[in-house]
Amino acid sequence: MFDAKKLLDQFLGPQMGGKSGDMLGRAGQFGDIARNNPWKTAGIAAALLGTKTGRKLAGNVATVGGLAAIAGLGYMAYKNYQSGQSPQTVAHREPEILPPPADSPFNPQSSALTNDFALTLIRAMIAAAKADGHIDAAERANIMDKVHAVDLGSEAEAFIAHELANPVDIDDLVAAARTEEQKVELYTATRLTIDPDTRAERGYLDLLAGRLGLPDALLDHIDATVSAAKVQA
C-alpha cells in the first residue's frame with residue numbers, strides 16, 4: 001500500500017517544514033520545483049478543481065500543506081468552538097496554524113491518523129470535487145494526465161483513477177471517522193476542497209454534516225476557519 005499521508009501532501013501542496021533558519025533555502029528549492037513542474041507545488045487538488053474556485057490557501061496553511069494543514073485547521077476550529085468564541089471572530093482573519101499538542105488526536109503523528117484514515121481524507125476530497133457533477137470522462141482524463149506528471153507511482157494513480165470514476169459512498173466515509181476529531185478532519189478536508197457556490201455543493205456539505213452529526217456551532221467554526229484560509233488566487 002502506498003503512503004497516503006505523502007499523497008495528501010501532493011493534494012494540498014508541499015510541506016515546507018523545518019526550522020526558520022532554513023526556510024529561505026527551502027523556499028528556493030520549491031521555487032525551482034514550481035518552475036520545472038508546477039503541479040508538484042500547486043497540489044493535485046488544483047488539478048481536480050481547475051480554476052473553478054479561483055482561490056488558494058493563504059499564509060502558513062499553504063506552506064504547511066497536506067495532512068498538517070487539514071489537522072491544523074480542524075484543531076483550530078475545534079479549540080475555538082470549545083472556548084466559546086464566535087465564528088465571526090475568525091471568519092475574516094487569516095489563520096496561522098500552530099502544531100496541535102503532542103497528545104492531541106489532531107497531531108499529525110497521532111496514532112488516530114492512520115494510513116487508512118489518510119486514504120479516507122483523500123477519498124473525501126475527490127468526492128467533494130465531484131459534488132457538482134462537473135468532472136466528466138474528458139475531465140477525468142485531463143486530471144489523470146496531470147496526476148501522471150507528478151509521478152506518484154502506479155498504485156496511487158490507480159487509486160485516484162478508481163475514485164474519480166466511481167460514485168462515492170458517503171456512508172463509508174462517515175463510518176471511517178470514528179472519533180469526533182476524525183469527523184472534524186473529514187469535514188475540514190471536504191470544506192477545503194470546495195466552496196459551496198452551487199446548490200449541489202451546498203447540498204453535499206449539508207448531507208455530510210448531517211451524517212457526521214457534528215454540532216452546528218462546530219460546523220460554523222470549521223466553515224469560518226477554512227473560509228479565512230482561502231484567498232483570491
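I count a salt bridge when a side-chain nitrogen of Lys or Arg lies within 4 Å of a carboxyl oxygen of Asp or Glu. The model is predicted, so I note that local features need pLDDT of at least 70, side-chain atom pairs count only at pLDDT 80 or more, and totals for chains, interfaces and linings use all residues. Residues are numbered from 1 along each chain as its sequence is written, and side-chain values use heavy atoms, with hydrogens and water left out.

**Salt bridges**

I get four by this rule. Aspartate 223 pairs with arginine 191 at 3.1 Å, N to O. This pair links distant parts of the chain, with aspartate 223 in helix H13 (residues 216-228) and arginine 191 in helix H11, 32 residues apart. Helices here are DSSP runs (H or I, at least four residues), numbered from the N terminus.

I checked accessibility next (buried is under 20% relative accessible area, exposed over 50%, partly exposed in between; 1.4 Å probe, protein chains only). Aspartate 223 is partly exposed at 23%. Arginine 191 is buried at 6%. Salt bridges with shared partners join Arg191, Asp195 and Asp223 into one network. In the bridge between aspartate 195 and arginine 191, the closest N and O atoms are 3.4 Å apart.

I also looked up arginine 211 and aspartate 171, whose side chains meet at 2.5 Å, N to O. Arginine 211 sits in helix H12 (residues 199-212) and aspartate 171 in helix H10 (residues 170-176), so the bridge ties together parts 40 residues apart in sequence. Arginine 211 is partly exposed at 40%, and aspartate 171 is partly exposed at 44%.

Terms used. Helices (H or I, at least four residues) and strands (E, at least two) are DSSP runs, numbered from the N terminus.
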